[in-house]
Amino acid sequence: MMVEKIDHLGIAVRSIAAARKFYEEVLGLVCEKEEVVATQKVRTAFFTVGDIHIELLEPTSDDSPLAAFLEKKGEGFHHIAYRTDNIDAQLAAARDHGCKLINETPVAGAGGKKVGFLHPKSTFGVLTEFCE
Ligand code: CO
């Protein structure tokens, strides 16, 4: 079992409306969709570069975990997401390895995907998402 590819990179921003101008006007990318992900209390905007995506994330409420992230670290790189064909097995393998899981079982992510996060404390500092 292994992850298949990098699906997307997550970037934390205070305002998608402000940040997407950089991606559109400087990088020339097209925003494919904006979507609120209720389970994560974030609004997301997706851009495609080659065959991976850039996910901009903006908190939708003050108690969003992303609001705490922005408060602590400011805007910038937030997470890497690996695509897998078996997220349950992937999370189980991480658990067996001793990783701290943020989601013990998959939750609903953007685009109706099943997602699960590993805590950066057990992934050498990088918030890690699996998506299926
Ligand atoms: Co993500």
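Along the sequence, the residues that donate to the cobalt ion follow the spacing H-x46-E-x23-H-x49-E. Donors here are N, O and S atoms within 2.8 Å of the metal (3.2 Å for Na, K and Ca), and water is not among the atoms, so a site may look incomplete. His 8 lies in strand S1 (residues 5-12) and His 79 in strand S5 (residues 76-83), so this pair ties together parts that are 71 residues apart in sequence. Strands are DSSP runs of E, at least two residues, and helices are runs of H or I, at least four, numbered from the N terminus.

Keep in mind that this is a predicted model, where local features need pLDDT of at least 70, side-chain atom pairs count only at pLDDT 80 or more, and totals for chains, interfaces and linings use all residues. Numbering starts from 1 along each chain as its sequence is written, and side-chain values use heavy atoms, with hydrogens and water left out.

Now look at the metal itself: His 8 and His 79 each reach the cobalt ion through NE2, while Glu 55 and Glu 129 use OE, at 2.1 to 2.2 Å. Both His 8 and His 79 are buried (under 20% relative accessible area with a 1.4 Å probe, protein chains only).

So what arrangement do the four donor atoms make around the cobalt ion? It's irregular, because they subtend angles of 84 to 173 degrees.

Definitions and conventions
Tetrahedral: all angles 85-135°; square planar, octahedral: opposite > 155°, others 65-115°. Buried < 20%, exposed > 50% of the residue type's maximum accessible area, 1.4 Å probe, protein only.
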